[in-house]
Amino acid sequence: MTQIVLNAVVYFLLFTLTSVIIEGVTLNVVDFGAKPDGETDSTNALLSAWGRACSSTSPTTIFVPLGRFLVGKVVFKGRCNNKGITIHIDGALVAPSKYDVIGNAENWLFFDDVDGVSVIGGVLDGQGTDLWACKRSAKSCPIGATNMGFTNSNNIVINGVTSLNSQMFHIVIDRCDSVKIQGVKIFAAGNSPNTDGIHVQLSSSVNILNSNIATGDDCISIGPGTTNLWIQNIACGPGHGISVGSLGKEFQEAGVQNVTVKTVTFTGTENGVRIKSWGRPSNGYARKILFQHVTMVNVQNPIVIDQNYCPNEKNCPSQVSGVEISNVIYQDIHGTSTTAIAVKMNCSPKNPCTGIRLEDVMLTYESKQVVASCNHAGGITSGVVQPNNCF
Ligand SMILES: *[C@@H]1O[C@H](CO)[C@@H](O)[C@H](O)[C@H]1NC(C)=O
């Protein structure tokens, strides 16, 4: 009895203490001069609030209230004294509508060398539609900025954020460790160029959970040097699917290892799960990849390994990929393909794919025969596998 009372007292004290600590300091960007009118440039207000948060040692929340806040390129630069900065957004951050303002900035909202930063809620509106139109015309256009990028950063949380119409990629995680992305929504038109949803590279321990991604390019792309990546509960489409790659563009390249992609639904996408490498020499690799519990709804190419990527036949004709692909498991993959070749593995003749496993794969194509087209791919099947002519 006394033990129970004691526990209750201890829990009460802990709870009170943590809520005081978690509450910390809140900085409202309006108090720093930001205006929710969608017109006034609020860049400096955001930067001033960041400067204050970064130099403080107590947990700090930068609060963006309801309304549309126009901001240009913002660099949230570390290192900070603070290892607990939350950017809590109720309204929207809006990029300049003229695309050349941030078109060559690489990133619109850029976090560099930060530790313990969370971005919670709100809308990031990249206003990319005019740049896409420019790219589709013959004009020369800026390459475009990523909506939100993190580099050289650790212990990052992105929760409940909506990213709209980025000029280029939506979220990029580069050289980071320990990142949790969850409950995000990413939307760009199905025909918008290079608007990848989430791109991860040179990073470890990244989790991407419970998110909805509809773009004109890969929903999630997994670049060189990605290790211990976990992706679960994703709705993807339209878009190009979830891709490991492109790998092997450089000769000297970090490999991809230990990637789990689990419980994903692809709807109307160009590819489902794909591994892609350039057809050129490289010391890169992709190993220990698991694709599990995947539903395909009218997907053009549900399962793809393509090691002959050579856009416009430039810089790689008649070369073969040096990237070694091994230990890739496809488990419980089912649904519909919109083409007859539902499984396509074109591995490198120099480094054939090894240790591929197809287990309980059931793909259909209207009511016709589906087939697998596999070259230089070695592995086994188990359970019910259709199409079953790969190995
Ligand atoms: C693989 O990555 C997961 C996280 O995605 C991690 O929990 C697990 O420990 C890693 N496995 C190895 C062998 O490193």
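**The ligand and its surroundings**

Author: A residue counts as near a molecule if one of its heavy atoms lies within 4 Å of it. Here the residues around the ligand are Asn 228, Leu 229, Trp 230 and Asn 258. The model is predicted: local features need pLDDT of at least 70, side-chain atom pairs count only at pLDDT 80 or more, and totals for chains, interfaces and linings use all residues. Residues are numbered from 1 along each chain as its sequence is written, and side-chain values use heavy atoms, without hydrogens and water.

Reader: Which strand gives the most to the shell around the ligand?

Author: Strands are DSSP runs (E, at least two residues), numbered from the N terminus. Strand β20 (residues 227–236) gives the most, with three residues.

Reader: How many bridges join strand β26 to strand β28?

Author: Two strands pair if DSSP finds at least two bridges between them. Strand β26 (residues 324–337) runs parallel to strand β28 (residues 353–365), and 10 bridges join them; Ile 333 stands opposite Val 361 in β28. Seven bridges link β28 to the parallel strand β30 (residues 377–386), where Gln 386 stands opposite Met 362.

Technical notes: Helices (H or I, at least four residues) and strands (E, at least two) are DSSP runs, numbered from the N terminus.
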